[in-house]
Amino acid sequence: AGLARTMVADLTGRLPAGTRRLRIVTNLKIYWDQILIDTTEAGIPVRLTEAPLVEATLGFRGYPREVRGAPPADIRYNYDEVSRTGPYARASGNYTRYGDVRTLLGGADDRFAVFGSGEEVALEFDPAGLPRLPPDWKRDYFFYVDGFSKDMDFYAAHAYTVEPLPFHTMGRYPYPDTTRHPDERLFLDYLLDFNTRLDSGRGVPSYRFDFPTKRR
């Protein structure tokens, strides 16, 4: 929410023949820069090749400088200008230890890299196996992510603690005590091996941005 993105809606078979006007209704404050209709015929050749993940490192980065455009919802971030502190709190609980987390990101197995504000997972992919493009072909990149997020919101369930951790078969969140993880032994091993970084959530040195002063 709040960042620029491209959204796709498949309207195949959903519109009466001859439709020329659409109405979009929302209760959110949304800015549109353009809306495009793709009428490309089916059957265009597509080839999907995976670029394997070779490195994944969890660590503290800080808070990149926010740059607002026009309208104000047009937000981008300067990754090279970083403050070590910012006006953000942390939920209390056990986070994933810093360092190599690649084994946690190989599949949707309910073993998540758990991290909070100001932290990042730096990823490296190996493009060596990508085939050469035939004439007139174009290459696009898709980044597949599977995970959950939790806001420190007054109306959110367990908003101020990392736990209880979610899993795909939980049905709903918060889940009742009778709902169990599908592989409790694997889940316990994951917690003991990876989620060993305790954060009390009691506060940080400063809740203000402090960007380094540029030297002239």
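**A tour of a salt-bridge network**

Select E119 and R90 to begin: these two residues form a salt bridge, their closest N and O atoms lying 3.3 Å apart. A salt bridge here is a side-chain nitrogen of Lys or Arg within 4 Å of a carboxyl oxygen of Asp or Glu. The structure is a predicted model, in which local features need pLDDT of at least 70 and side-chain atom pairs count only at pLDDT 80 or more, while totals for chains, interfaces and linings use all residues. Residues are numbered from 1 along each chain as its sequence is written, and side-chain values use heavy atoms, with hydrogens and water left out.

E119 belongs to strand 6 (residues 119–125), whereas R90 sits in the loop between strand 3 (75–83) and strand 4 (93–95). The pair thus links distant parts of the chain, 29 residues apart. Helices (H or I, at least four residues) and strands (E, at least two) are DSSP runs, numbered from the N terminus.

Buried means under 20% relative accessible area, exposed over 50%, and partly exposed in between (1.4 Å probe, protein chains only).

The side chains of D199 and R90 meet in a salt bridge, at 3.1 Å from N to O. D199 is in strand 7 (residues 197–199) and R90 in the loop between strand 3 and strand 4, so this pair links distant parts of the chain, 109 residues apart. D199 is buried as well, with a relative accessible area of 19%.

Because E119 lies in strand 6 and R197 in strand 7, the pair ties together parts that are 78 residues apart in sequence. Both E119 and R197 are buried.

Show the four side chains together: R90, E119, R197 and D199 are linked in a network of salt bridges. The structure as a whole holds 8 salt bridges.

As a last stop, select V46, in the segment before strand 1 (53–60). Is V46 buried or exposed? At 74% relative accessibility, V46 counts as exposed.
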